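Colleague: Hi! Could you walk me through this model?
Modeller: Happy to, let's open it up.

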Amino acid sequence: MKIKKTDNIAEVLSQHPEIAEVLLDHGLHCVGCPASGLDTIEKGAQVHGMKDEDVDAMMNRINEVLETGE
């Protein structure tokens, strides 16, 4: 399953807790935040001032972790 930036943060984390480290590494500290249930990955990233290219890089890393387990 490929994660999209339009996916809800809390839902993705509940299904794939292994991506929490990627989010944290990219400055998206929504892990455990009550707002994560309301925001998509993209919206959360925008709130934290991430640029589109940074979001794309983070999404690539998230999906790489899901594919390889690393």
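Colleague: How many residues has the largest nonpolar core, and which have the most contacts inside it?
Modeller: That core has 18 residues, and Ile-41, Met-58 and Ile-62 have the most contacts inside it. A nonpolar core here is a set of buried Ala, Val, Leu, Ile, Met, Phe, Trp, Tyr and Cys residues joined through side-chain atoms within 4.5 Å. Buried means under 20% relative accessible area, exposed over 50%, and partly exposed in between (1.4 Å probe, protein chains only).
Colleague: What are the ground rules?
Modeller: It's a predicted model, where local features need pLDDT of at least 70 and side-chain atom pairs count only at pLDDT 80 or more, while totals for chains, interfaces and linings use all residues. Residues are numbered from 1 along each chain as its sequence is written, and side-chain values use heavy atoms, leaving out hydrogens and water.
Colleague: Back to Met-58, what does it touch?
Modeller: Leaving aside residues up to four places away in sequence, Met-58 touches Val-22, Leu-23, His-26, Leu-28, Ile-41, Ala-45 and Met-50; contact means heavy atoms within 4.5 Å.
Colleague: New topic: how many salt bridges are there?
Modeller: There are 4, each a side-chain nitrogen of Lys or Arg within 4 Å of a carboxyl oxygen of Asp or Glu. In one of them, Lys-4 meets Asp-7 at 3.7 Å, N to O.
Colleague: Is Asp-7 buried or exposed?
Modeller: Asp-7 counts as buried, because its relative accessibility is 16%. Lys-4, at 48%, counts as partly exposed.
Colleague: And how far apart are the closest N and O atoms of Arg-61 and Glu-64?
Modeller: They are 2.7 Å apart, in another salt bridge.
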